[in-house]
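Biologist: Let us go through this model term by term. Please set each value against its definition.

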Amino acid sequence: MATCSPIPTPPPAPLTEAAFCAWLGNAASGDAITYHRGALARETCPSLNLLSADERVRVARLSSRALKLAEAGHVHLVQRRRGFEDYEYVAIARRRPRRISPLLLPRILVEAA
């Protein structure tokens, strides 16, 4: 009887900024995505040359987009340590705000002024 060896699965394609935004557009509250694995600060430093220039730009743009979305309240950012200089950077979708009533909006604007 012949045995079958498992077919190796190829590594997932690197996440792009557009794919990250598309994920967020379809994500439900609590959904999570790993947007990078490694040592983000070291890998985006141009003088260390840990990544190719194109890959460094991709990772920097992606992490910048994740931070902007977190500051806007759309995601929570979490970092999990997996080992020496090995971190998993995760974005968790937040609950989307309800629509603001048209009658409530002028009052909020007056309070903000």
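Modeller: Two strands pair if DSSP finds at least two bridges between them. Helices (H or I, at least four residues) and strands (E, at least two) are DSSP runs, numbered from the N terminus. The model is predicted: local features need pLDDT of at least 70, side-chain atom pairs count only at pLDDT 80 or more, and totals for chains, interfaces and linings use all residues. Residues are numbered from 1 along each chain as its sequence is written, and side-chain values use heavy atoms, without hydrogens and water.

Biologist: What makes S2 and S3 a pair?

Modeller: They are joined by 8 bridges and run antiparallel. Pairing needs at least two, so the term applies. Arginine 80 stands opposite glutamate 88 in S3.

Biologist: Why are S1 and strand S2 (75–83) at the edges?

Modeller: The open sheet has 3 strands in the order S1-S3-S2, with antiparallel pairing. S1 and S2 each have a single partner strand, so one side of each lacks a neighbour in the sheet. Neighbouring strands are turned by 20° against each other on average, direction ignored.

Biologist: What makes the largest nonpolar core a core?

Modeller: A nonpolar core is a set of buried (under 20% relative accessible area, 1.4 Å probe, protein chains only) Ala, Val, Leu, Ile, Met, Phe, Trp, Tyr and Cys residues joined through side-chain atoms within 4.5 Å. The largest has 16 residues; Leu15, Phe20 and Trp23 are among those with the most contacts inside it. H3 gives the largest share, 4 residues.

Biologist: Which residues does leucine 24 touch?

Modeller: Contact means heavy atoms within 4.5 Å. Leucine 24 touches Leu69, His74, Val75, Ala93 and Arg96, not counting residues up to four places away in sequence.

Notes. Buried < 20%, exposed > 50% of the residue type's maximum accessible area, 1.4 Å probe, protein only. Axes fitted to C-alpha atoms, helices over the stretch in contact; angles between N-to-C directions.
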